Amino acid sequence: MSSVRTRIPPSPTGYLHVGNAWAAFFNWLFARRHGGRVVLRIEDTDPTRSSPEYERAIYEDLRWLGMDWDEGPDVGGPYGPYRQSERTELYREAAEALLRAGAAYPCYCTPEEIEQERQRALAERRPYRYSGRCRTRPEQEIRALRAAGVRPALRLDVGRFHDPAWSSGWLERRREEGGPERLYVVVHDLIRGEVAFALDELDDFIVVRSDGTALYNFANVVDDHDMRITHVLRAVEHLSNTPRQVLLYRALGWEPPQFAHLPVLVGPDRRKLSKRHGDAALREYRDELFLPEALRNFFALMAWYPEDGREIFSTEELVRRFDLSQVGRASPVFDRQKLVWMNGEYMRRALREDPERVVELVAGYLVRHGLLPGPPTSDQRVYVRRVVEVLGERIKEGSDVLRYGDFFFLDLPRYDPQAVEAYLRGEQAAAV
RNA sequence: GGCCCCAUCGUCUAGAGGCCUAGGAUACCGCCCUCUCAAGGCGGAGACGGGGAUUCGAAUUCCCCUGGGGCCA
């Protein structure tokens with residue numbers, strides 16, 4: 001059996017997102033568990049939203065989390081380039097291969113025409129599927145369109161797969177109760193089991209846009225194949241795309257990788273964790289003094305329990321025990337409160353084992369919050385060290401430093417209004 | 001609209017037919033420890049979305065519904 005290769009495919013359109021970091025961690029765990037390799041691929045196909053700064057930030061955040069990778073834009077590797085923006089030629093070649101094989105055809109339909117088709121389907125209350133008009137468009141019509149400067153998109157000819165010569169061995173014949181026999185693309189998902197998609201539900205989808213750029217599904221297939229990815233662990237939102245991708249692999253004569261569709265991390269409102277939640281960027285947790293080892297432990301416990309009754313696991317243990325078949329299928333809510341508790345566990349451990357590390361972190365936090373003018377002088381460091389000693393196990397996250405210790409750095413303390421009412425307004429208070 | 005995924009305490013989850021009067025953790029509430037807070041100890045409250053079916057027996061299997069989410073446009 002060939003050795004395991006997984007991938008981490010962030011888009012440099014913003015800071016590394018907690019949900020992506022979580023999925024990245026599972027990919028990393030799985031690869032490390034099986035002695036495999038991790039590939040980092042930068043998905044920067046959208047030039048208007050991607051930036052080198054974000055790419056650097058992603059490396060930084062992933063490394064901070066304790067992730068490492070064996071191949072990637074920054075470390076090189078035998079199957080590069082590892083940036084999608086540098087792979088357009090490869091997509092073009094693959095598109096030509098599709099065309100040569102007769103698995104795809106150019107489509108000259110305009111967005112307006114497609115929209116009309118869709119509206120008609122809607123009005124007639126039948127599911128919309130592309131008509132396949134361009135598959136049989138007369139030659140002279142095509143010539144005329146070309147002459148008029150219309151550039152075609154490329155569509156996969158899904159109908160082709162009904163031909164046994166194209167589909168033997170990997171499409172399955174099944175008969176729903178009372179229905180006719182149909183062909184199915186069956187995804188053998190490592191987490192969800194068999195998921196079957198009827199071939200005739202799929203229409204001829206676009207593979208390359210008329211401007212020549214590859215669609216996500218297509219670029220992904222080409223990349224994962226070229227990079228010899230054996231296991232694709234990604235969020236369920238990609239499950240519906242998987243049959244299309246499988247068709248693409250097969251049309252190109254390639255063997256698809258194994259798939260495992262992870263649940264989606266959601267916020268307290270049960271909606272997908274996003275920038276709307278305000279605290280979706282991994283680095284905000286770093287800034288709030290969450291420790292990477294705490295985050296790793298916490299991440300592991302979302303959708304997976306290595307063992308019931310225990311919560312604290314070292315990363316080494318997690319690697320040793322990781323088992324995809326035990327990963328849950330329901331969307332876990334990212335529970336910040338529990339993270340705070342767990343961070344407290346690790347913070348107390350750090351205080352015991354490496355207090356200087358905590359001093360360092362707290363000093364940085366104080367600087368960020370304006371309680372220290374800048375990087376501490378050696379005197380200030382001594383002071384911060386003593387503050388940390390005093391605060392001790394009260395520190396579970398950054399805000400606790402302020403909550404319990406801001407007066408160490410202020411001329412006048414900030415009073416809690418409730419406490420003032422309760423204690424300082426009393427009869428004896430003035431006398432005291 | 002079609003297709004796909006999901007469903008146990010507020011939250012993370014254990015549970016793979018009888019071990020379940022549904023276990024643990026977190027959060028919450030008490031009590032203890034204690035000059036305060038934190039940590040810790042002890043205790044409490046808190047869940048199988050609904051309906052059928054299979055079975056001697058279902059949280060666990062099957063079907064339907066409901067509710068969330070996603071993909072395709």
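Contact here means heavy atoms within 4.5 Å. The structure is a predicted model, in which local features need pLDDT of at least 70 and side-chain atom pairs count only at pLDDT 80 or more, while totals for chains, interfaces and linings use all residues. Residues are numbered from 1 along each chain as its sequence is written, chains are lettered from A and ligands numbered from 1 in the order in which they are written, and side-chain values use heavy atoms, with hydrogens and water left out.

View 1. V319 lies in helix α11, which spans residues 315–321; helices (H or I, at least four residues) and strands (E, at least two) are DSSP runs, numbered from the N terminus. Beyond its neighbours within four places in sequence, V319 is in contact with W28, L29, R32 and R33. The relative accessible area of V319 is 17%, and the residue is therefore buried (under 20%; exposed is over 50% and partly exposed in between, with a 1.4 Å probe and protein chains only). I142 is 177 residues from V319 in sequence and 57 Å from V319 in space, C-alpha to C-alpha.

**View 2. The protein surface near RNA strand B.** A residue is near the strand if one of its heavy atoms lies within 4 Å of it. Of the 38 residues around RNA strand B, R118, A303, E311, E393 and R394 come nearest. The residues of this surface divide into 16 nonpolar, five polar and 17 charged (Ala, Val, Leu, Ile, Met, Phe, Trp, Tyr, Cys and Pro count as nonpolar, Asp, Glu, Lys and Arg as charged, and the others, Gly among them, as polar). Helix α12 (336–353) and strand β7 (193–198) each supply at least two residues, and α12 gives the most, with five.

View 3. A backbone N or O atom of E237 is 3.1 Å from a sugar or linking oxygen, and a polar side-chain atom of R244 is 3.4 Å from a sugar or linking oxygen. For R329, an N or O atom in the side chain is 3.4 Å from a phosphate oxygen.

**View 4. Packing of helices α3 and α7.** Helix α3 (residues 88–100) packs with helix α7 (residues 216–226) at an angle of about 100 degrees, their axes lying 10 Å apart. The two helices are therefore roughly perpendicular (65 to 115 degrees). From α3, L90, Y91, A94, A95 and L98 meet F218, A219, V222, D223 and D226 of α7. The residues of this contact divide into eight nonpolar, no polar and two charged.

Terms used: A polar contact is a pair of N or O atoms within 3.5 Å; within protein, one must be able to donate a hydrogen and the other to accept it, and residues adjacent in sequence count only if both atoms are side-chain atoms. Axes are lines fitted to C-alpha atoms, for helices over the stretch in contact, and angles run from 0 to 180 degrees between N-to-C directions. Angles under 35 degrees count as roughly parallel, over 145 as roughly antiparallel, 65 to 115 as roughly perpendicular and the rest as oblique.
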